[in-house]
Amino acid sequence: MRDAGILRNTAVAVSKGRIAMIGAANDLKNAYSNAEVIDCRGGVLTPGLVDSHTHAVFGKPRFEEHEQRADGLDYMEIAKRGGGIHASVRDFRQRTEDELYTLAIPRITELASYGTTTLEVKSGYGLSIEDELKAMRVIGRLAERQPVRIVATWLGAHEIPHEYRTSEARRAEFIDLLIDAMLPRVVEQDIARFADVFCEPGVFTIDETQRILEASRDAGLGIKLHADELKPCGGAELAASLGAVSADHLAAISQSGIEALAKSDTVATLLPGTMLFLGKTRQAPARALIDAGAAVALASDFNPGTSPTVNFPLMLTLGVSQLHMSLAEVLIAATVNGAAALGLAGETGQIAPGFAADLALFGIGDVRELPYWYGARLCVGSWKAGAPCHPYETGSNLHHRSPEVVPTG
Ligand code: NIG
Ligand code: FE
């Protein structure tokens, strides 16, 4: 992760949705004399950002919890009182598929306007067979119709719904329902690429997580985990031993969890916006993970409870400022490693011949400005497989923030 391979004065040729050639503009103009030319005006072109962890399909926002936490109530305490994920579930179940689809569109358009071209979206606010299938259908429609690349994850195991929290037997019934009834229906619909579980003390135990994920893996899905977010419980170790594509959160990962991920192919996906928004002072040990040899990705965790932001580049800022990552590390974490966390490492996340032409253009003259102007929307255009994703704002002044780095050529 030390070298992001940054090039200057470079042009990119795109053909049939893929990167065909990279080099000096004149060489490319000779090689592709009939090509349409898009002038990036000395801006910074990156691989389209890969946001590998979101809960972007939901109904109402939950701003009341923000203030409750400021007042001293903890995330898990709010959940125990029927708020948190439970509040989103009650709301989600009342909404129609069309309504949820319509609510998601502007949120996704906004996510894309910050440079994200690949977006993972999880279900997980339905928690009944019908409502989880509804969520998966909404994600499927978005994947078909929205310009970003969308990867669907089934998160039926996001919470134990209230109606199953009345006894141990009822709890066991919910696990059986997930494995025997919900999973087969999700697989039959062929929309989910991954299954995920919120493995956390008070939510799903290690044993329950293992059962659900093994069944999902056997049914042909890739697997992911919400692991060691608030308290350490062996989630990272389980992710590595199951061959999960990613273990996400990890703010409370143990030393043995760090070692297990470093030895595995499981990507450590860190979500610094969540810890920031929840008001936690602790962040995931990105340095220890990277230095031990783990592949680290960054993601937004966009959701109505713990990370209501569409601004993925802000996670790069937090990566540098709070996780002590270098510029190269945050760039790789938001592109190459995000793609690996979605099983797409050979398809997107790099500007290299043969890769999909997923590109984001930023109105800055130096790539270090991307995490620097924090909170700003710097993306002025993006493309997925060569087609516009966030339409190029050609009228904007790309270099007004930092006139001294305006390139001359
Ligand atoms: O990734 N931790 C569990 N799930 C989400 C939060 C979902 C919610 O609060 O609505 C997360 O932070
Ligand atoms: Fe999450």
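Donors are N, O and S atoms within 2.8 Å of the metal (3.2 Å for Na, K and Ca), and water is not among the atoms, so sites may look incomplete. This is a predicted model, where local features need pLDDT of at least 70, side-chain atom pairs count only at pLDDT 80 or more, and totals for chains, interfaces and linings use all residues. Residues are numbered from 1 along each chain as its sequence is written, chains are lettered from A and ligands numbered from 1 in the order in which they are written, and side-chain values use heavy atoms, with hydrogens and water left out.

**Exercise 1.** Find the protein donors of the iron ion (ligand 2) and their spacing along the chain.

*Solution.* 
- Step 1: His53, His55 and His226 each give NE2, and Asp301 gives OD, at 2.1 to 2.6 Å from the iron ion (ligand 2).
- Step 2: Along the chain, these donors follow H-x1-H-x170-H-x74-D.

**Exercise 2.** Is His53 buried or exposed?

*Solution.* 
- Step 1: Buried means under 20% relative accessible area, exposed over 50%, partly exposed in between (1.4 Å probe, protein chains only).
- Step 2: His53 has a relative accessible area of 0%, so His53 is buried.
- Step 3: His55 has 2% relative accessibility and therefore counts as buried.

**Exercise 3.** Which residue's side chain has an N or O atom 2.8 Å from a nitrogen atom of ligand 1?

*Solution.* 
- Step 1: The side chain of His158 has such an atom.
- Step 2: A polar side-chain atom of Glu229 also lies 2.8 Å from a nitrogen atom of ligand 1.

Conventions. A polar contact is a pair of N or O atoms within 3.5 Å; within protein, one must be able to donate a hydrogen and the other to accept it, and residues adjacent in sequence count only if both atoms are side-chain atoms.
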